[in-house]
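Please look at the structure below with the sequence beside it, and keep both in view while reading. The paragraphs that follow lead through a few places in turn.

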Amino acid sequence: MLIDSRNLPTDEVIQTEVCIVGAGPAGITLAREFLGQYFRVCLLESGDLEFNQETQSLCEGETIADNFPELHEMRRRQYGGLANAWGIEIYNKQIGLRHMPLDEIDFEKRDWLPYSGWSFNKSHLNPFYERAQAVCKLGNFVYEAEAWSDNKSPQLPFKSDNVTTSMFQFGTRDIFLSEYRDKINRSANITTYLNANVVEIKTDETAKTVTRVKVASLQGNQFWVAAKVFILASGGIENARLLLLSNKTQKNGLGNQNDLVGRFFMDHPLIRSGVILPNNPQIFNSTALYDLRLVKNVPVMGKLTLAQEVMRREKLLNMSALLFPRHNKFTTAIFPTHNEFRTAGKASLKILLAATRRGEIPKDVPKHLANVIKDFDSLFLQWYKRHFQKQLMFSNLSQGGWSYQKNKDKKFTMFEVVSQTEQAPHPDNRVMLSSKLDKLGCAKAQLNWRWTETDINSIKTSQAILAQEVARAGLGEFQIASDGELPQVLSISTHHHMGTTRMHHDPKQGVVDANCQVHGVSNLFLAGSSVFPTGGFANPTLTIVALAVRLADYVKSHCF
């Protein structure tokens, strides 16, 4: 059943057994696992089925970080969560996302990396990864390149095992936006409430048991949900914010007795590692493995990574290397520097366009027009690339298909190397409460973020090793890109928010235990990437879904 909470009477109390806060991939997976159970489930979603700008404004916050995107640009208050913003063209006009599990090393306690180590190893999570593969409708749980390569599309022939090839699989977003929504709505035991914004978590006087959550709509009505089990599944920023907002019994926030809620925020910065100038242009005819394409009816794409033994020996963070063929005359135009991603002109243009769509006149029109005029050249270049990149036949992170082109050895002269990087967990990278309030009267989130020397040095060393191995294999010259002493950033964030309610068996080192239960609170659980102690470089969705499946099993077997 689907209910618009704006129509509920004020102060109504909804009774249920399980209350899930957030209908993104984590919350939807949980609800899917609870289909047909004998207990009732209430799924609360802040947004509607369609995008609503007023609801989206509740994501606004403050960022104290260099060139970090605005918080409302990195999240989506809408049924399906951030899946609504996935933008990779897979096949047959399907839109989706890259999937892969975390590596074994990502779960390890690494002596050179403070605060690393999960509460279990990868082998423990593998059965749940296999089930997550089915939830995300992917191929077999196989990410080794050997299963996807052949004589016509072999792996690059490196001379040592220092550099390896592994795969991405791609899944469609429609399963979360419509298919599972329809199944959940038809289930007799699950009720979904839209436009339902949880603003506070209420507990008993000892803060050991959650009794109910307070829910508000932007239309002014408020109601309550009382349940036996509560699961927050509202994202890496919002999970922490809700705990911090719930400070009536514990003054520093629920579950924050050790000042850990909101700390250890991580993302996956995207950098331009450089270019590979091949010795032989025929390489473009034999590297289809590294293109986004269908293999055995599964959309896959190869990437380069350093062997885990190398990472352990050199004390490195994890990092990937994706290859995109380029012609030298287009390289600069296709790949911007980090300054292009966040400019005053781009921000002002968004404000002006949004106001125009609403039929309103925004504040400070002269200022915004001046910003747009000042950045006109940059804005035009971005528009040109967005609308004509396909005609230029250049693949990027959101599309593939270059390997199907003819005369590749004559069209391309280099590979652009783009890297998604692991970020070291650090307690000073954190989500806090701002002094500013949102439209519901709640303190907005404030994100404090900085790269550390560990992050930067790891990227530099990884680039140097990759360049050495490219040369040793006789593939060509790897020219490393940099921005002075820093990596050349394409996007400081890939909207992968992790770590703010980290997992650890010791409540002095983590917010939740191995079962994702908040330490000291008997019936409150957290789902999503906020529980990640470390994040590797892999897109977190497959791990989010695997952990949600695992949590659903625990709730069914231990809570009822």
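**A guided reading**

C516 is buried, with a relative accessible area of 2%, where buried stands for under 20% relative accessible area, exposed for over 50% and partly exposed for what lies in between, using a 1.4 Å probe and protein chains only. This is a predicted model, in which local features need pLDDT of at least 70 and side-chain atom pairs count only at pLDDT 80 or more, while totals for chains, interfaces and linings use all residues. Residues are numbered from 1 along each chain as its sequence is written, and side-chain values use heavy atoms, with hydrogens and water left out.

C516 is found in the loop between β22 (489-491) and β23 (524-526); helices (H or I, at least four residues) and strands (E, at least two) are DSSP runs, numbered from the N terminus. Although C516 is not a glycine, it has a positive phi of about 65 degrees. F264 lies in the loop between α6 and β14 (270-278), and with 3% relative accessibility it counts as buried.

How many disulfides does the structure hold? The structure holds zero disulfides, a disulfide being a pair of cysteine sulfur atoms within 2.5 Å. In general, such a bond is a covalent one between the sulfur atoms of two cysteines. For C59, the closest cysteine sulfur is in C442 and lies 13 Å away, which is too far for a bond. C59 counts as buried, at 2% relative accessibility. C516 is likewise in no disulfide, and the nearest cysteine sulfur, that of C559, is 12 Å away.

We turn now to a sheet. Strands of a sheet pair through backbone hydrogen bonds, either parallel or antiparallel. Here an open sheet of three strands has the order β5-β20-β19, with mixed pairing, and two strands are taken to pair if DSSP finds at least two bridges between them. β5 (61-64) and β19 (430-437) are the edge strands, each of which pairs on one side only. On average, and with direction ignored, neighbouring strands of this sheet are turned by 30 degrees against each other; axes are lines fitted to C-alpha atoms, for helices over the stretch in contact, and angles run from 0 to 180 degrees between N-to-C directions. β19 and β20 (residues 443-448) run antiparallel and are joined by five bridges, and L437 stands opposite A443 in β20.

Across β19 and β20 lies helix α6 (residues 238-245), running at about 60 degrees to β19. How many of the residues of α6 are buried? Eight of its eight residues are buried, so that the helix is described as mostly covered. Among the buried residues are E238, R241 and L245. The elements that cover the buried residues of α6 include β3, β10 (197-203), β13 (229-232), β19, β20 and β23, with contact meaning heavy atoms within 4.5 Å.Strand β3 (residues 18-21), one of these covering elements, also pairs with β4 in the parallel sense over four bridges. In that pairing V21 stands opposite L44 in β4. In a regular strand the side chains alternate between the two faces of the sheet. In β4 (residues 41-44), V41 and L43 point one way and C42 and L44 the other way, and all are buried.

Strand β14 is mostly covered too, with eight of its nine residues buried. With which strands does β14 pair in the antiparallel sense? β14 pairs with β18 (residues 414-420) over six bridges, and there the bridge partner of V275 is E416. β14 also pairs in the antiparallel sense with β22 over two bridges, where I271 stands opposite V489. With β21 (residues 476-480), β14 has an antiparallel pairing over five bridges, in which L277 stands opposite E477.

Two packed helices are described by the angle between their axes and the distance between the axes. Helix α1 (residues 25-33) and helix α5 (residues 174-186) pack at an angle of about 30 degrees, with their axes 10 Å apart. α1 and α5 are therefore roughly parallel to each other, given that angles under 35 degrees count as roughly parallel, over 145 as roughly antiparallel, 65 to 115 as roughly perpendicular and the rest as oblique. The contact is made by P25, I28, T29, A31 and R32 of α1 together with F176, Y180 and I184 of α5.
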